[in-house]
Structures are given as C-alpha cells and as structure tokens.
Amino acid sequence: MKKIFKLFLLAGLIITSFLFVLSPLVVNAATREAYQIITNPGENMASEVNINWHSDIEGTFVEYTLKTDSDYSNAIRVVGSVEALDFNVPNDSTWTVYDFSKRNICRATLSNLLPDTEYKYRVGKTVFSKDYFFKTAGSGSFTFINMSDPQFYGDASAQVWYNLMADAFVINKNISFALLNGDVVNQGNEGSYWDLFFDNHEVSQIMVAAATGNHEYYAGSTTTVDARFYNAHFNNPDNGASNLLNSSYYFIYNNALFVVIDSQKTEGGTWATQKVWFEEVVRANPTQYIIVSSHISIYGAANGDNSVALRREWTPLFDKYGVDLVLTGHDHIYARSKIIYNGEETSDRFKGTCYVIGGVAGNGTKYTADKLDKEKMDKWYELKTSYGIVTVSSGTISYRCYDMNQNVIDTFILPAKRTSNADQDFDKNIFLQELAIVANDNDRTTARFNWPKEAYGHVDTITLKDDKDNQLDSKFIFMDNENYFDISGLTLDATYKYKAVINFRDGSKSEQQISFKTTINYGDVKITTNNLTSQGLELGFNINVRSDLLNEVGLYVN
C-alpha cells in the first residue's frame with residue numbers, strides 16, 4: 001500500500017508538472033495571433049494612421065472604433081496585407097539573425113478618420129490583443145516626445161526608457177506621439193531587443209514615428225546591412241524617396257510638416273535621391289512649420305562620422321525652404337545650436353534653423369562633447385540621459401529638455417517664420433492687382449517687386465521678366481514673410497515694362513503686366529515757421545536735399 005501511494009503521488013506530480021508547463025504554452029499560442037503591435041503615422045494624421053503587427057497565422061485583422069465605444073459594437077474591421085518574414089540571409093553570409101521565429105509581417109491603414117478624435121483598436125483573429133489608442137490630428141497646438149538612442153540591449157537598458165516614457169506622460173498628459181531619432185535597438189538583427197521595445201506600455205497609448213539609425217542597420221557587431229530589420233517593425237506612409245520607401249517618409253500633424261530622413265543611406269555621401277524627394281515634399285505641402293528628423297546629427301560628429309557630409313549636402317536645402325527645427329541623435333550628448341543660416345548664426349527671425357542632438361534616452365554609453373562644433377552651439381550637456389517634450393502652437397515651437405529625474409536642463413522657444421494662412425480664402429484676381437514695384441528712395445537705380453503675403457500656400461513660383469522676356473528673378477514661395485525680390489541697374493527718369501508670371505499651386509498660370517518709372521528724388525524743403533512781425537514776414541524752413549545731386553537750392557516767396 002505504501003508503494004502504491006508513492007506511485008500515485010509520483011504520477012500526480014508528473015501530471016501537475018505537465019499541466020504547469022502546458023498552460024503557458026496554450027496562452028502564448030493564443031497571443032501569437034498578433035504581437036509587436038504599433039501605431040505609426042499616416043501621411044495626414046488628421047484622417048489616416050498605419051498599423052504594423054506580427055502574427056504566426058494568416059487572416060488576422062484590425063478592429064477599430066471610437067475610444068468611447070466600450071464593447072466595440074460600432075467597430076470597423078480592416079484586413080491588412082500579409083508578408084512572410086524573410087530577412088534573406090545568404091548561405092555564405094557573415095551575419096545572421098537571432099530570436100526571430102517564423103511569422104508574418106502584417107500592415108493595415110486606417111483611413112477616413114475624423115480629425116481631432118480619440119480612437120482605440122485591437123488586433124487578432126480568434127483572440128484579440130489588448131486595446132491600443134491614438135488621437136488624430138486636428139487644429140491648434142499639440143505636443144510630442146522627442147527621443148534619441150534608447151538602444152536596448154537588455155532588460156536594464158529597456159527599463160530606463162520605460163521610466164522616461166512614463167515620466168513624460170506624468171509631465172504632460174496630452175502627448176500626441178513620440179518621435180524617435182534612430183537607434184531604438186542595439187542590434188537590428190536581435191529579435192529579443194525588438195521585444196523589449198514593444199513591451200513598453202506607452203507604445204500602446206500613442207502613435208510612434210521613428211527614424212532608422214545605424215544600429216537598426218546592424219546584423220552583427222561590425223556588419224551593416226540595410227533597413228530590412230527596421231522595415232519589418234514599422235509601417236510608415238508610402239511616400240518616401242523611391243530608393244528608401246518606409247525608412248524615409250513624411251507626415252503632417254496640424255500645422256507642421258515632419259520629414260524623416262534615412263541618414264544611413266548615403267549614395268556616395270550625397271543622399272541624391274532623398275534630396276530630390278525632400279524638395280518635392282516641401283514644395284507640395286505648405287505648412288506653418290517644417291521639422292526634420294535624422295539619426296546622424298548635422299553639427300555633432302562626436303563619433304567622427306557623416307556629419308560633415310550631411311551638413312554639406314542638406315543645410316543648403318534647409319536654408320532654401322526655411323526648415324524650422326532639425327532633430328537628431330547618434331552623438332549620445334544633448335546639444336542645441338544657435339539659429340544657423342548659410343553656416344553662420346543669424347538674428348533674422350525669418351531665416352535660419354535650430355539643430356538639436358537629442359541625447360541618450362536610455363542606458364547606453366554617454367559621450368563627452370569633445371568633438372562637438374561648440375561655436376555653433378548655444379547649450380550642451382554631456383554624460384547625461386535626456387529627452388525633450390515639444391509643443392507646437394500657432395506662434396511658436398517650445399522645447400523643454402528633461403533629465404532622468406524630471407529636471408528641466410534646457411528650454412528654448414522658436415518663433416514662427418510663417419503665419420498659418422495656407423487655408424485662407426484666396427482670390428487670384430485681387431492677388432494679381434496687388435503686385436507692385438516700389439522705388440527705393442535711397443537709391444533710385446534700384447526698386448523692389450512686392451507681392452501679397454497670401455501667396456504662401458497658394459502660389460508655387462513667381463517670376464519677373466523684362467520687356468524682352470529676359471528673366472530677372474524667380475522665387476519659390478516657401479514662406480509668407482519673404483514676399484519680394486530686388487531689381488537693380490535701373491536708369492533714372494526712365495519707364496520700364498515688366499511681366500510677372502505666376503504659377504499657382506492648383507496648376508493654373510497667370511501673367512500680369514507692370515509698368516514702373518524711375519524718378520529722381522532730390523529731397524525736399526519744408527517750411528517750419530511762418531510769422532508776420534513788425535519787421536515783415538519771418539520764415540523758417542528745413543532743407544533736406546541730396547547734396548550729391550544739387551549744387552544749390554533757391555527759395556522763392558510771392
């Protein structure tokens with residue numbers, strides 16, 4: 001009897017152990033219908049967002065509805081695209097991938113959304129994920145988190161980022177999305193590192209826009225591949241440069257255009273394809289602000305990499321189109337530049353760009369600022385964890401930089417270069433009638449061709465030609481406050497006939513004839529006093545004349 005009891009006891013232990021092991025496997029199998037779920041921007045975030053998730057099965061879908069729809073009774077179902085995960089590792093390759101099980105990459109776009117509206121969604125087929133949330137863009141001010149280089153390589157490093165994300169939501173409960181300037185993970189080919197990223201609670205609460213960094217390109221300690229690991233985990237708008245779809249893209253949130261550059265793809269140090277694409281994007285999308293995200297910094301080079309080439313290739317375009325703010329990472333320090341135009345500090349409020357290196361938003365190595373171009377900087381911090389909370393309003397962009405203890409270590413405000421008038425009513429006929437050439441009183445051999453500020457958002461280019469059809473000047477309208485160009489080499493006391501050629505953004509074209517006559521401004525004489533006295537008429541006058549043009553001035557009294 002004793003032996004039988006031992007036998008039953010042993011059998012019971014085996015069965016209990018078997019159930020103990022089996023139970024989590026069953027739960028895990030159910031959750032594998034949809035995992036690594038993330039909300040990414042749509043091209044216009046007022047009406048569109050993108051969803052990316054992984055699944056071990058086919059046939060999964062998104063159900064989305066208003067946040068207030070507690071039981072999903074009014075949910076809309078969207079079946080996404082399905083692509084088998086295949087990183088195409090060559091047989092003779094020196095690199096490999098780790099912890100990526102056989103799975104599908106699934107993508108869906110939620111369209112025709114209501115602006116300024118809170119939504120929720122879940123993903124699955126027979127067992128749904130937890131709820132994910134986002135709020136569409138609308139109008140007015142908005143706030144986003146700016147972070148660089150979380151660079152997960154283990155639980156401890158991920159926990160630092162988790163804490164920073166949680167702190168950000170404590171500081172500001174109205175955060176619309178997070179902008180990550182690359183190096184989210186330490187090695188793109190390590191599946192476990194990506195798991196750490198998606199385990200963060202706040203990722204399920206907002207949209208995430210991310211740039212790709214050099215570490216997303218890594219397939220080993222020294223091997224660099226391409227953006228395939230990044231692309232497997234993000235579903236960005238399909239509007240990027242032709243050679244870098246998904247890792248380059250843009251989106252519009254309220255009154256701001258965000259352009260995300262893949263700084264890793266250099267094309268021989270030129271970024272030629274992306275530069276052409278960038279110009280097309282900013283020309284086609286007039287907004288009050290232009291904000292650029294890139295992993296490698298423009299004025300950093302703490303690691304001695306591509307900053308010099310980026311500066312050479314990109315800053316002329318940033319100057320040309322009036323980029324307001326460039327957000328970068330990679331250098332593992334926080335630094336904020338002066339307002340830079342044409343490579344130098346400027347005090348012209350309608351020109352120049354602020355360049356920010358976001359610091360380390362994780363537990364990664366912090367560097368010194370030894371190689372920082374400090375002449376271009378207003379402030380910098382080395383060896384410090386940091387992140388930014390950015391608020392964009394109708395008049396300013398305000399940036400507050402925090403350390404890991406919620407202390408503000410830097411703050412700055414950028415005034416708007418442009419007024420938010422692109423959506424105003426616009427009358428072409430009135431616009432053409434208000435074109436004018438104005439004389440320069442100080443130099444009558446020069447004049448200024450002016451056009452109404454309402455051109456921004458409605459006019460593509462303005463060109464001025466002389467009566468022989470020679471082009472004198474042409475300008476792409478990238479802001480409302482720079483609404484003129486100068487004419488020189490004029491002859492005094494002559495009549496000129498010009499033709500203004502206007503290319504409107506709606507594709508139409510108009511021409512307007514303008515005549516202008518140069519006159520000689522000799523100055524003036526003004527009587528200041530006029531008194532009748534016993535001695536006669538007393539006159540006082542002020543002579544303000546061009547002594548370089550006149551030898552004498554006569555005053556005649558009748």
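## Largest cavity

The largest cavity holds about 60 Å³ of space. A cavity here is a set of points, on a 1 Å grid over the protein atoms alone, where a 1.4 Å probe fits but cannot get out. Its volume is the space filled by probe spheres set on the points, which are joined across faces, edges and corners. This is a predicted model: local features need pLDDT of at least 70, side-chain atom pairs count only at pLDDT 80 or more, and totals for chains, interfaces and linings use all residues. Residues are numbered from 1 along each chain as its sequence is written, and side-chain values use heavy atoms, with hydrogens and water left out.

Lining residues have an atom within 4 Å of a point. Among them are Val282, Asn285, Tyr321, Arg418, Phe476 and Arg505. By class, the lining has 8 nonpolar, 2 polar and 2 charged residues.

## Second largest cavity

The count is 2 cavities of 30 Å³ or more. By class, 7 lining residues are nonpolar, 1 is polar and none is charged.

## Helix α3

Helices are DSSP runs of H or I with at least four residues, strands are runs of E with at least two, and both are numbered from the N terminus. Tyr193, Trp194 and Phe197 are among the buried ones. The buried residues pack against β1 (35–41), α2 (155–171), β10 (175–180), β11 (207–210) and α4 (228–231). Contact means heavy atoms within 4.5 Å.

Strands β26 (residues 459–465) and β27 (residues 471–476) pair in the antiparallel sense over 5 bridges. Pairing needs at least two DSSP bridges. Thr463 has Ser474 in β27 as its bridge partner. The two strands form a hairpin with 5 residues between them. In the turn, Asp469 has a positive phi of about 70°.

## Thr117

Thr117 sits in the loop between β6 (104–110) and β7 (118–124). Thr117 is buried, with a relative accessible area of 14%. Leaving out residues up to four places away in sequence, Thr117 touches Leu66, Phe134, Lys135 and Thr136.

A polar atom of the Thr117 side chain lies 2.8 Å from the backbone oxygen of Pro115. The backbone oxygen of Leu114 lies 3.3 Å from a polar atom of that side chain.

How values were computed: Buried means under 20% relative accessible area, exposed over 50%, partly exposed in between (1.4 Å probe, protein chains only). On a 1 Å grid over the protein atoms alone, a cavity is a set of points where a 1.4 Å probe fits but cannot get out, and a pocket is an open set with protein on both sides within 12 Å along at least five of seven lines; lining residues have an atom within 4 Å of a point. Ala, Val, Leu, Ile, Met, Phe, Trp, Tyr, Cys and Pro count as nonpolar, Asp, Glu, Lys and Arg as charged, and the others, Gly among them, as polar. A polar contact is a pair of N or O atoms within 3.5 Å; within protein, one must be able to donate a hydrogen and the other to accept it, and residues adjacent in sequence count only if both atoms are side-chain atoms.
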